[in-house]
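Visitor: I am new to reading protein models, and I would like to be walked slowly through a few helices and a pocket. Could we look at the model together?

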Amino acid sequence: MELSEVKGIGINTIKDLNNLGINNVYDLVTYYPFRYDVFEKTDISKLADGDKIVIDGVVENVPNVFYISRVLNKMTFRLNIGTKILTITIFNRAYFKRNINVGTTLTVIGKYDAKHNSVTASNLKLGLLEKTIIEPVYHTSNKINSKKINKIVNSALPKIKVKDYIPENISNKYHFIDKNRAVYLIHNPENKHSVKQAINRLKYEELFVFMSKISYLKKNHTSNDGLERKVNFKKIEKFINNLPFKLTKDQLASINDIYDDLTSKRRMNRLLQGDVGSGKTIVSFISLYINYLGGYQGALMAPTEILAFQHYQNIKKLFPDLNIVLLTGKTKVKERKEILKQIKKQTADIIIGTHALISDTVEYKNLGLVITDEQHRFGVNQRANLKNKGITPDILYMSATPIPRTYALTLYGDMDISSIKTMPSGRKPVTTILKKDTEIKDVLYMMLDEIKKHHQIYVIAPLVEESEKIDMENVYQLEEKMKKAFGKICNIGILHGKMKADEKEKAMNKFKNNETQILISTTVIEVGVDVANATMMVIFDSYRFGLSALHQLRGRVGRNDLDSYCVLISDRETKRLSVLTKTTDGFKVSEEDFLLRGSGDLFGQRQSGDMSFKLADIKNDYQLLLQAKEDGEKFVTSSDYTNEKNKHIRQMIEQSTNLD
Ligand code: ADP
Ligand code: MG
């Protein structure tokens, strides 16, 4: 239903509503208040100085108004509250004076000053406080306030009947109130209890639909439509035994999980989780090898060109006999044509690339396995893209962002998970140090020490997410400074997002080959990059980063048995950053990040959309979520699911989902 059909909304109001993301009547009635103002008479005998107060009484005198400046006025009067008389002061309400006379009854909301027996009021309401007042507060713009939103919602409410997505038996089980009643109450709370009931009912529904979606997906993923490869494990073993290092127990277990998936009828939908530096890459390479031996083409997708290029170089070394190609958005036209041809004919065995791999122009032949590295960096829709292309290969996601249990359950609830919990042997934890801007000299001396030991250093320039250009300028500025300090004793390279693909490759290779000893970079190196001789990282303005991002960055060093250091330079937020000086455990870091910044930021902007409920919060409503999960699992496998009366619920659950 269109907004224009609601009585009393003009074109301008519609525009204002659109700006708040409200585009139709459904959006409008589900534009829920984010909190309530509760006005409950306070017992003044129990108040302490500075407490919030809501009190009513009778005005004793005609208010005095003082005009302090053009923009500031002050009104004072005395209010008799029965037990005593208070002096009330309120700013910028001179216009309200005409409503107040001796004997007027008023409700006053404000702050109590015990010593002066006075109240600095933030709000005045005519009349006594009969019962508790609960006022919904909405997210507003400067064009439209909470009162107006509430008024418009209420003129729309009688016109619309919202659909109920909780099956009847579940609704009965929890004695939920009717959905339309709940929507009414959330905008028009009658008392605390009823608004709680309404919110609970609506939250549960959000969680129920979401968890049912996951159960539905899981049910489908585990169907027997996978590719049943025949691969002799002896060949894999032989390859593993020829590696220059011994795989860890968890790496081997993960490889076993994947081997089982790829050789069974089940379609694989697996997450390989492991902290930075735990050695996920080699597991992915071996997975591609298993897939190849099974007769299929395989693809590995990385979030940045630099990382794709690095994987490409490494995997070619490991499998010199296979035809492995690299495809990124920056691959030159002529080369690209040839590569596309090879992919289409399956003369390319393995394709490494960026998200260009799933662009419309790439046609695969016999694509059996797709691996996404640093999965949390990808927009979720890119995953759906493959499905749109009509290919349903086995899927392996890799992620270094350790996920608190709550999130694993929701975001990855439909997947099987293999975890690499232990680091390759011989690794030492990175020593992490906080420094102030003024302590830069200390940092330069530390750098000098490392350079003297013939080690290499990453320097991370301040991050300005909005502008690649400013990021780039920051890199050049730092280059100047570093040249002054170290230009005579070592070579300095730079790397930033605005460089061309081949320039980036060159810069990366120079660092890898130790032709440059200091690499100044933006966060383009945040993920995956692997240069074992780099033992130090210096991060400028580190307060600009989330803890998880810093942990990822730090993961670039400490990749061998040398002592390594991460210096966080910041004048601000040192308490938050100090978490990193205390632990190198990614799980702890992400839990902390999660406590400090809430759910939305954990996976970065892009993925927060997956879990953006209107009311529910997967952390605060975790118990409700667990309930919804259990109910959802039961529901999608029950006969109730296909019952005609639940058709709309089924449609909602099966509707194209971000988790595809
Ligand atoms: P991540 O899990 O962060 O992607 P990588 O796969 O990049 O980590 O591995 C980090 C480094 O550890 C690489 O240089 C890799 O060759 C090395 N590595 C991986 N597995 C082992 C192992 N079992 N023993 C020693 N080094 C290993
Ligand atoms: Mg990696």
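This is a predicted model: local features need pLDDT of at least 70, side-chain atom pairs count only at pLDDT 80 or more; totals for chains, interfaces and linings use all residues.

Guide: Residues are numbered from 1 along each chain as its sequence is written, chains are lettered from A and ligands numbered from 1 in the order in which they are written, and side-chain values use heavy atoms, with hydrogens and water left out.

Visitor: At what angle do the axes of α9 and α10 cross?

Guide: Helices (H or I, at least four residues) are DSSP runs, numbered from the N terminus, and here α9 covers residues 280-293 while α10 covers residues 305-318. Axes are lines fitted to C-alpha atoms, for helices over the stretch in contact, and angles run from 0 to 180 degrees between N-to-C directions. The two axes come within 11 Å, and they cross at roughly 55°.

Visitor: What does that make α9 in relation to α10?

Guide: Angles under 35 degrees count as roughly parallel, over 145 as roughly antiparallel, 65 to 115 as roughly perpendicular and the rest as oblique. With the crossing at roughly 55°, α9 is therefore, relative to α10, oblique.

Visitor: Which residues of α10 make the contact with α9?

Guide: Contact means heavy atoms within 4.5 Å. On the α9 side the contact is made by Thr281, Ile282, Phe285 and Leu288. Facing them from α10 are His311, Asn314, Ile315 and Leu318.

Visitor: How many charged residues are in the contact of α10 with α16?

Guide: Helix α16 spans residues 501-512, and its axis lies 10 Å from that of α10. Ala, Val, Leu, Ile, Met, Phe, Trp, Tyr, Cys and Pro count as nonpolar, Asp, Glu, Lys and Arg as charged, and the others, Gly among them, as polar. The contact includes Glu305 of α10 and Lys504 of α16, and by class it has four nonpolar residues, three polar and, as charged ones, four.

Visitor: Which helix gives the largest share of the lining of the second largest pocket?

Guide: On a 1 Å grid over the protein atoms alone, a pocket is an open set of points where a 1.4 Å probe fits, with protein on both sides within 12 Å along at least five of seven lines, and lining residues have an atom within 4 Å of a point. This pocket is lined by 38 residues, with Thr281 and Asn314 among those nearest its centre. α9, α10 and α16 each supply at least two lining residues, and the largest share, seven residues, comes from α10.
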